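I am keeping these notes while I look through one protein. I want to write down what I looked up, entry by entry, together with the rules behind each term.

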Amino acid sequence: MNTLYAPETIAAVATAPGRGGVGVIRVSGPSLQAFAQVISGGKSPLPRRALYVDFVDADGRAIDSGLLLYFPGPNSFTGEDVIELQGHGGPVVLKMLLARCVELGARLAEPGEFTKRAFLNEKLDLVEAESVADLIDAQSEAAARSALMSLKGAFSRDVNALVDTLIELRMLTEATLDFPEEDDVEWLEKANALGRLAAVRSRLDGVLATARQGALLREGMRVVLIGQPNVGKSSLMNALAGDEVAIVTEVAGTTRDTVREQVVLDGVPVHIIDTAGLRDTADVVEKIGIERTWAAVDQADLALLLIDGRDGVTADDAAILARLPDRLPRVVVFNKIDLSGEAAGLSEGDGHQIVHLSARSGAGVDVLRHVLLDAIGWQGEREGLYLARERHLDAIRRASAELDAAQDAYGLAAELFAEHLRRAQEALSEITGEFRADDLLGVIFSRFCIGK
């Protein structure tokens, strides 16, 4: 193992803030056996064996008692010596124990620094390191399972297999540059370069499709509920959430600010935003709420326009639809079918999907749930699905564009063909961190929690 930086000893509380039955302090750095002996009052820990000790201060007085675990590097999470002090989970005692670690030469760890060291010491690649945070932050069981798939290397294996195939194709292509007397096109045809390129593009399309599904599990979608006052937006939000999260009254204009709630549909987190009713008003507070409604629309991934099913689409409803951004998908919801007498279900009109439901009785709400998942392209959880981030999707798209450019360059010049292959390889290598910029690492690991 090659350490890529000058290691310092770092320490942090690795358990969640607040009171708990157990609290853990993690320490990582070079040669920590002596550190362990001092903080345990002279006891010598054995590798990977739990040792019950008193954790002592500089005067030998017990701060706490608990288990000490010693993991010598490189066979540890960070690749360095790691010590875990497992004591009682009170904030005061953990603060005292952490202060003792600092007295012994450790410094407080930065967010994500333990995982960053694991990456720098080649214990994890960048995708696996990111999946540690994704597993902690998972918002559904499906997201947790997919994050674990990434942590176990499923995503990285697919990316590395593509990179290896690109390297082989580059080697074949660049060999033509070493023999200028040979005809470039004839050489590449003999090597079946176009066939190999087509195979890479097909595999890349498959990885992109899987990554898109994984990104949905991680990021979810933002759905904004809009419409005139008193059409049932808050009632629908409560129906989707399965709880009374928004105030519902017969008084038009009850909702004057955005109300946000997250629900999970088939493992996908859906962030629902209830908004103020859209109408002309002289009320200053209501005007502010309407401004925030349009601000929420600008940030949304999907708009649900609610309409009173008894009235149908009015001129005011049509004006709301016309004001929606062109890039924003929308679904029209005819609410209050319990009063209009319509049947629950799905139809189409004017190029829009129309869901007929009753937010009050719940009839048709399941239809809307399916429509929401279809709108974002969710294909359902399946085996082998790994979590992905927007930066992963961006890298795959750039690699795909370079492969398209390579195909266009085929037959023009072997140098140009090879250059596009090189750029595609670099884009894919950014995913695992094999090809990276240091500022990217700063952004990624700064979003981790302290202690990871």
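I number residues from 1 along each chain as its sequence is written, and I leave out hydrogens and water, since side-chain values use heavy atoms. I also keep in mind that this is a predicted model, where local features need pLDDT of at least 70 and side-chain atom pairs count only at pLDDT 80 or more, while totals for chains, interfaces and linings use all residues.

**Entry on the whole chain.** I found 16 helices and 13 strands, taken as DSSP runs numbered from the N terminus (helices are H or I of at least four residues, strands E of at least two). Of the 452 residues in the protein, 48% are buried.

**Entry on a covered strand.** I looked up strand E7, residues 221-227, and noted that six of its seven residues are buried. E7 runs parallel to strand E9 (residues 268-274), with five bridges joining them, and I count two strands as paired if DSSP finds at least two bridges between them. Methionine 221 has valine 270 in E9 as its bridge partner. E7 is also joined by five bridges to strand E10 (residues 302-308), again in parallel, and there glycine 227 is partnered by leucine 306.

**Entry on the open sheet.** I traced six strands in the order E3-E4-E5-E2-E1-E6, with mixed pairing. Because strand E3 (51-56) and strand E6 (107-108) stand at the edges with a single partner strand each, one side of each has no neighbour in the sheet. E3 pairs with strand E4 (residues 62-71) in the antiparallel sense over six bridges, and leucine 51 has leucine 68 as its bridge partner in E4.

**Entry on rings.** I counted one aromatic pair, where rings of Phe, Tyr and Trp (its six-membered ring) pair if their centres lie within 6.5 Å, and planes under 30 degrees apart count as stacked, over 60 as edge-to-face and the rest as tilted. Phenylalanine 155 and tyrosine 386 are stacked, at 4.5 Å centre to centre with 10 degrees between the planes. Phenylalanine 155 lies in helix H6 (residues 154-177) and tyrosine 386 in the loop between helix H13 (365-375) and helix H14 (390-409), so the pair ties together parts 231 residues apart in sequence. Both phenylalanine 155 and tyrosine 386 are buried.

Definitions and conventions. Buried means under 20% relative accessible area, exposed over 50%, partly exposed in between (1.4 Å probe, protein chains only).
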